[in-house]
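Let's take a friendly walk through a two-chain model. Have a look at it first, and then we will go through its parts together.

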Amino acid sequence: MSDTATSDHATTTGMTHNKLAMWVFLGSECLLFGALISTYLVYRGRFASGPAPGDIFDIPFTSVSSFVLLMSSLTMVLALSAIKRGDLRNNRLWLLTTALLGSLFIGGQVYEFTTFFREGLGYTTSPFSSAFFTLTGFHGVHVSLGIIMLMSMFISSLRGSLRKEHSETVEIIGLYWHFVDIVWIFIFTVIYLVPSPTS
Amino acid sequence: MSTTEITDRQDDVVHDDGHDHPSDSKYFQIALILAVLTALEVATYYVDIGSALIPVLMVMMVVKFFMVAAWFMHLRFDSSLFTKFFVGGLVLAVAVYVIALSAFEFWSKG
């Protein structure tokens, strides 16, 4: 990790290019998740002889995991706030808490997928199941990558190479993490809470 | 500015990057509002509100979405260029996929 203070970079836009690049990337990610969500909406009624979405979704369970991911956005922003104050101890604490909450969410998703599989919903069971597993699986991969980045920052901080002047690194990874959270806000409402077809 | 300092507005903190960011207590308040909205969303699963269900869910989803983007992602405080890039991608995605869903007759067939 570079020791250069990011706020000292001179750029043509007056803002750091790394942060700008992350926002452009997140804008493009809207198109990726838009495609996956639209595909799900088109195919959610095509469950053939397999389980229908309205029969298989466990709303109370998914509500808890959604709440866990939402609260990880709070801990992420507290990690950023701490490093901006130069409070490295609390920065490490909140980074680790965010990674743990993210891991809890992924654990819940693995449990959900396993339960669905036992109930007869495999990846190729129906167009609905393929669209559902692709959408939520892609989101899960994004969360998992976020956890890896959070743990990398945590380890860097333990080694003393993540300091106050690197707060922009925490901010950029935080932007990615919050984006993953807002995508789930959308998925949770549109896929789970809006009434789904039943068999 | 060489050190972090509290501004006149008690809820905001000016950091070394010159940006005005909320205090930790403000972040907790936002998280509390998000938690309440999530609880209300989940409540719609148990309470029948008839044809108002989908509009109510959509409004709560959009409010949560923009609260996270504005406060936790700091779009409210950072350069408007970031907002333009993000909202540009979002608007493009919504436009493209509303047209795609219309092509699949999603709105009439569901």
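## Around one tyrosine

Leaving aside residues up to four places away in sequence, Tyr40(A) touches Ala131(A), Phe132(A), Leu135(A) and Ile191(A); touching means that C-beta atoms, placed from the backbone, lie within 7 Å. This is a predicted model, where local features need pLDDT of at least 70, side-chain atom pairs count only at pLDDT 80 or more, and totals for chains, interfaces and linings use all residues. Residues are numbered from 1 along each chain as its sequence is written, while chains are lettered from A and ligands numbered from 1 in the order in which they are written.

## The core

Tyr40(A) is also among the residues with the most contacts inside the largest nonpolar core, along with Ala79(A) and Val68(B). That core has 68 residues. Such a core is a set of buried Ala, Val, Leu, Ile, Met, Phe, Trp, Tyr and Cys residues joined through C-beta atoms within 7 Å; buried means 20 or more other C-beta atoms within 10 Å of a residue's own, with C-beta atoms placed from the backbone. H6(A) gives the most to this core, 16 residues (helices are DSSP runs of H or I, at least four residues, numbered from the N terminus).

## A helix in chain B

Which residues of H1(B) are buried? They are Tyr27(B), Ala31(B), Leu34(B), Thr38(B) and Glu41(B). An α-helix has 3.6 residues a turn, so residues three or four places apart point the same way.

## Where the chains meet

The contact takes 40 residues from chain B and 37 residues from chain A. On the chain B side, H3(B) gives the most, with 13 residues.

Technical notes. Buried ≥ 20, exposed ≤ 12 C-beta atoms within 10 Å, placed from the backbone. Helix = DSSP H or I, 4+ residues; strand = E, 2+ residues; numbered from the N terminus. Contact = placed C-beta atoms within 7 Å.
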